[in-house]
Amino acid sequence: MALITVEKACLAFGHHALLDHVDFSLEPGEIVGLIGRNGAGKSSLLKAIAGATRLDDGRINIKGDISVAFVPQEPALDPAHTVFEAVAEGLGALKQLITDYHRLTSRLEQPQAEHEALLTEMAAIQHALEAQGGWQFDAQIRAALGHLSLPADTLVGELSGGWKKRVALARALCARPDVLLLDEPTNHLDVDAIVWLEDLLKSFGGSVLLITHDRRFLDHTVTRIVELDRGTLRSYPGSFAAFLSQKADELAAEAEQNRIFDKFHAQEEVWIRKGIEARRTRNMGRVRRLEELRRQRAARRERLGQVNFQLDSGERSGKLVAELDQVSKAFAGRTLIDHFSTRILRGDKIGLIGPNGIGKTTLLKLILGELEPDSGSVHRGTNLQIAYFDQFREQLDENASVVDIISQGNEFLDIGGTRKHVMSYLEDFLFEPARARSPVHSLSGGERNRLLLARLFTRPANVLVLDEPTNDLDIDTLELLEELLASYNGTVFLVSHDRAFLDNVVTQVIAFEGNGRLEEAPGGYQDWLDTKARMASLQAAAPSRAAEPSPAKAKQDKPRSGKAKLSYNENRELAELPDLLEKLEAEQAALNEKLLDPNCYRDTPLEARAWQARIEEIEALLLEKLARWEELEAKQK
């Protein structure tokens, strides 16, 4: 039996229906991904199911004995509570016991505390927790705080919007409800936290209805996709990849059906407009059919338009964008970057990956000259025109209108050498005239991101710095942005936790490994994971190879009366090994140089994969030949 049922739901804002007599049901154990364009009504449907808003018509039935937890995009939390208290709120009657226990534990750690009185009070709380099975919930809270990197004793009022979202997510997860309603749960989470959330949802015993535009997260978690498109809901069992295949077939069939309808409609319109002779023999049934065709054509809502991204790369920068030599940077005694060196060339598309707060934005500011290193040097190239996408959207004036943000007092814009009216430019980013005159504070998260991109692209730039550009953008817009960046001939710095977006855009990564250590690798996020796994396996194999006695050493360990001699072939092999190693290293360096070209992954992807495979083969050969060299030299002694 369905846990939640939506029947003939209707909801409209303006002249378009967000929900047009839609039906939906959520079954036990399902994880359903609700997707659709920004502004399609996904959050409105989730709020209606959660009881946070009312439908214009229709019914929502929730099975009487189930509990529902809802995490909206902008959760409401008590600013006077600590993070631990806010998370524990989802536990109902147990909340006070667990928060008191946490408070007493914290006080016992203070040197001036009256330990005897505190221990007496704690013993009573421990007994009550034992009786009510509260220890498992306390462990759940601490695990959630750890995985989401939440500071337990910080006041909620001191947190940013992104951190408050984490608190609300932890609160909902710790309550263990029968149904979880999650609106963009992966926003502001780093990759490690997203992977943890994936695993948690897959092992979650209840049902989940979630909105997200993270394609890999959808693929790893959901059992069904539900798309909200032009007021209707369509269900697609299986993963997001299966949905894409089915949706492509549907759109092709819909386009063909509309073509046939429009052709027939046009023929009937020609017939009705014939001269007086045709009117004398007019078929009234055919006239009525034409009137119905007109009504159907007027009622048909075309598929929402696509964002029209255009980016002027301006004048070419110098070949060298930036060179870092043994750069170090620390804040408050914490080393974020420790003796890091790299060279960034024109056309590189670099992804910065690592947990939140590890120093990615700091590295960007060092490269751009907004910060100076504590030690080392940064040499920046010439003719750099930089456009910066700010993840916190601090560049947007909340009280200004959308058109004022873009126009800056001008009626026309110069985009790539083409003069364009500001309202026409905003329509390219799906802002209709009425919406373009709205204030910024009335925009949704996705609309704000589109507005910031629209402003970013109004001026030429040969260096793009994108700090979390994917938050709140719908899947169609993400794919269009990927295409734009793939064809962009400038330099891109991308900070993102969207794994699919990184794989589709960047040509190399700088990975923050902690304690100030940074590693570079060609390719995208998945390539970096593969590289790490390969390095780990090589390191694990090295001790075992060292522990095994070589044939030469085994012979040395045996009693022998005379000195061992190398054979003629072994002497020749030993003499040739240095040249062979030098050739292998030179070939490996040349292949790595080819992979540093950002265009190779786009223009010659098959060759790029072959080069990467050869590099791995050379790495294994180098290890083998070095081991053989040591063996022969040991035998010679």
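Predicted model: local features only at pLDDT ≥ 70, side-chain atom pairs only at ≥ 80, totals over all residues.
Me: What makes E7 and R59 a salt bridge?
Reply: Their side chains meet at 2.7 Å, N to O. The cut-off is within 4 Å for a side-chain nitrogen of Lys or Arg and a carboxyl oxygen of Asp or Glu, so the pair qualifies. The structure holds 20 salt bridges.

Me: Which parts of the chain does the pair of E7 and R59 link?
Reply: E7 lies in strand β1 (residues 4-13) and R59 in strand β4 (residues 57-62), 52 residues apart. These are distant parts of the chain.

Me: Why is E7 called partly exposed?
Reply: Its relative accessibility is 27%. Buried means under 20% and exposed over 50%, so E7 falls in between.

Me: How do you know that D199 and K202 form a salt bridge?
Reply: The closest N and O atoms are 3.9 Å apart. The limit is 4 Å, so the contact counts.

Me: Why are D199 and K202 separated by about one helical turn?
Reply: Because both belong to helix α7 (residues 191-203) and are 3 residues apart there. D199 has 42% relative accessibility, and K202 has a relative accessible area of 47%.

Me: What links E513, R517, E519 and K532?
Reply: A network of salt bridges. Within it, the side chains of E519 and R517 meet at 2.7 Å, N to O, which is within the 4 Å limit. E519, at 26% relative accessibility, is partly exposed, and so is R517, at 42%.

Me: Why are β5 and β9 said to stand at the edges?
Reply: The open sheet has 6 strands in the order β5-β6-β7-β3-β8-β9, with mixed pairing. β5 (68-71) and β9 (232-237) each have a single partner strand, so one side of each is left without a neighbour in the sheet. Neighbouring strands of this sheet are turned by 15 degrees against each other on average, direction ignored.

Me: How do you know that β6 and β7 pair?
Reply: Strand β6 (residues 179-183) and strand β7 (residues 207-211) share 5 bridges in the parallel sense. D183 stands opposite I211 in β7.

Me: What makes β15 and β16 a pair, and in which sense do they run?
Reply: 4 bridges join β15 to β16 (residues 418-421), and the strands run antiparallel. At least two bridges are required, so they pair. H421 in β16 is the bridge partner of F412.

Me: Which residues of β15 lie on the covered face, and which on the uncovered one?
Reply: In β15 (residues 412-415), L413 and I415 form the covered face, F412 and D414 the uncovered one. In a regular strand the side chains alternate between the two faces of the sheet.

Definitions and conventions
Residues numbered from 1 in each chain as written. Heavy atoms only, no water. Buried < 20%, exposed > 50% of the residue type's maximum accessible area, 1.4 Å probe, protein only. Axes fitted to C-alpha atoms, helices over the stretch in contact; angles between N-to-C directions.
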